[in-house]
Amino acid sequence: APGTIMSGSGPEEPQPGDTAEVRLQEAEQDWAAAKAFYDNLVSKKPRPPKPQHAITVAVSSRALFDLVAERRIYEEQGVEKYVEYQQENENVTLKPGPAFYFVKALEHVNARLLELYPDDEERFDIVLMTNNHAQVGVRLINSINHYGLTIERFCMTGGKSPIGYLTAYLTNLYLSADSEKVQEAIEAGIASATMFTANKDVAYSDTQLRVAFDGDAVLFSDESEQIVKEQGLDRFFEHEQMNENKPLAQGPLKGFLEDLGKLQKKFYAKNERLNCPIRTFLVTARSAASSGARVLKTLRSWGLEIDEALFLAGAPKGPVLVKIRPHIFFDDQMFHVEGAQKLGTIAAHVPYGIAQKYHKSA
């Protein structure tokens, strides 16, 4: 009836004391209550860390899973047939792709960190960054759940470039099977690499994340490689000895090595150095005697430790990598990536520096 005061959510007259401050306090209380309800409702699983605290690793669906057959359908029959096929097979679990065991190892590190630092958000956050259409999402979610992976953030761009999203997520590392997108990410200043599947199955450690890096044009700039390519090896040795005490400029993956180092220190602080679930390797074609000192002094000047440094003086990297068994090996030269692949190492190509010019013209 007219004049009756209705209770409910309609507009009300401002009450005395209804200030902006009071409203803000009420909103905070509502948010806290909603969060507590949601946390209890979902599970006791740790929530994903905030992007500004996390080490965000963005992985494409073709890096995480084996989608070779599906990709062929996409290329030969078009996007509609591809989406239809994925929907028809959404209960068929996808097989692991080249980044799968790396992601599993990141999650093992997270589990160890949460035991030691239950309230700390400085850990890996894996984001599935794919240009798949949303309709394919169910199969990806089913496969992720089948393997018990903790990937809660999905970004499905429906054919659009993911670069803007990578920046928004403050991505520390982007792994994809699409070399053009990786090139775009590198040019945008995001540490990135193209994943290649190993040609043989090998056993990977499930208790220790093992990451191997090439030096020049990966951890360091390509300054030294430019001298090798343009002036030859003798001039390079001379240049490195003259500049032994001048640190090399940083390369695209230096930040990721730094992130790994930060997490290692968290284990060392809890007296876990001998039981640390992260191990890093430098695998370089440099010779220790004639050009190794500058590399080691550069790492020292950055305050970074590398667990093992292997100077191969031009010998192939594949046989050494077989012994190391890294979850991932980063190199800027396809020659080394292919050599590693042949012997069973999962390798990732970093399209940075002068070697790309030579690779394209080869």
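Predicted model: local features only at pLDDT ≥ 70, side-chain atom pairs only at ≥ 80, totals over all residues.
**Entry 1: H3 and H4**

I started with helix H3, residues 68–77, and helix H4, residues 79–88. Their axes come within 7 Å and cross at roughly 150°. Angles over 145 degrees count as roughly antiparallel, and H3 and H4 are therefore roughly antiparallel to each other. I then listed who touches whom: H3 brings Glu-70, Ile-73, Tyr-74 and Gln-77, while H4 brings Val-79, Lys-81, Tyr-82, Tyr-85 and Gln-86. Sorted by class, the residues of this contact are five nonpolar, two polar and two charged.

**Entry 2: H9 and H10**

Next I looked up helix H9, residues 223–231, against H10. I noted a packing angle of about 145° and axes 7 Å apart. On the H9 side I found Glu-223, Ser-224, Ile-227, Val-228 and Gln-231; on the H10 side, Leu-233, Arg-235, Phe-236, His-239 and Glu-240. The contact of H9 with H10 has four nonpolar, three polar and three charged residues.

**Entry 3: H10 and H12**

I stayed with H10, residues 233–242, and turned to helix H12, residues 288–301. How far apart are their axes, and at what angle do the two helices pack? I read 8 Å and about 40°. H10 and H12 are therefore oblique to each other, and H10 passes H12 in a left-handed crossing. From H10, I wrote down Phe-236, Phe-237, His-239, Glu-240 and Gln-241, which meet Ala-289, Ser-290, Ser-291 and Arg-294 in H12. By class, I have three nonpolar, four polar and two charged residues in this contact.

Technical notes
Residues numbered from 1 in each chain as written. Heavy atoms only, no water. Axes fitted to C-alpha atoms, helices over the stretch in contact; angles between N-to-C directions. Helix = DSSP H or I, 4+ residues; strand = E, 2+ residues; numbered from the N terminus. Parallel < 35°, antiparallel > 145°, perpendicular 65-115°, else oblique. Left-handed = near helix turned anticlockwise from the far one by under 90°. Contact = heavy atoms within 4.5 Å. Nonpolar A, V, L, I, M, F, W, Y, C, P; charged D, E, K, R; others polar.
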